[in-house]
Amino acid sequence: MEAHQPPEKTPDGHFVVIKGRKWRATDPSLPEEIAARLRRHLMSARRAVRSATTAGDPKAERAARARVNRAKVALGERGTPWWEQPEDERRRRWEQGLAHLDADAQN
């Protein structure tokens, strides 16, 4: 069995290539602990989207999709490209995103 291989990246490192499709890469300046926490929030939100969709609950689905988006923005995978942001703006993006996601998880 093969070990998990990281996805192929474009030469500039801005995108990963998965099954021939380019996706914006996670901001490499994120500390690994923070990136891991954001990925946990992202996966939890994706599970919530599936549950809400299965249950036919549009309000819960909208809330879950908003959490997915917040996590993706905080990771640098949506919104202003991380390579176009100054370092302080990049830090503020993930700090604010993580604070909101942590607060949402408490409710």
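**Exercise 1. Determine how many bridges join E1 to E2, and in which direction the two strands run.**

Solution. Two bridges join E1 to E2, and the strands run antiparallel. Strands here are DSSP runs (E, at least two residues), numbered from the N terminus. Two strands pair if DSSP finds at least two bridges between them. Then look at the connection. E1 and E2 form a hairpin with five residues between them. In that turn, Gly13 has a positive phi of about 80°.

This is a predicted model, in which local features need pLDDT of at least 70, side-chain atom pairs count only at pLDDT 80 or more, and totals for chains, interfaces and linings use all residues. Residues are numbered from 1 along each chain as its sequence is written, and side-chain values use heavy atoms, without hydrogens and water.

**Exercise 2. Work out which residues in E3 stand opposite Phe15 and Ile18.**

Solution. Start with the strand: E2 covers residues 15-18. Four bridges join E2 to E3, and the two run antiparallel. Phe15 faces Arg24 in E3. Ile18 faces Arg21 in E3. Next, the turn. Two residues lie between E2 and E3 in their hairpin. Lys19 in this turn has a positive phi of about 50°.

**Exercise 3. Give the strand order of the sheet and name its edge strands.**

Solution. The order is E1-E2-E3, in an open sheet of three strands with antiparallel pairing. The edge strands are E1 (8-9) and E3 (21-24). Each of these pairs on one side only.
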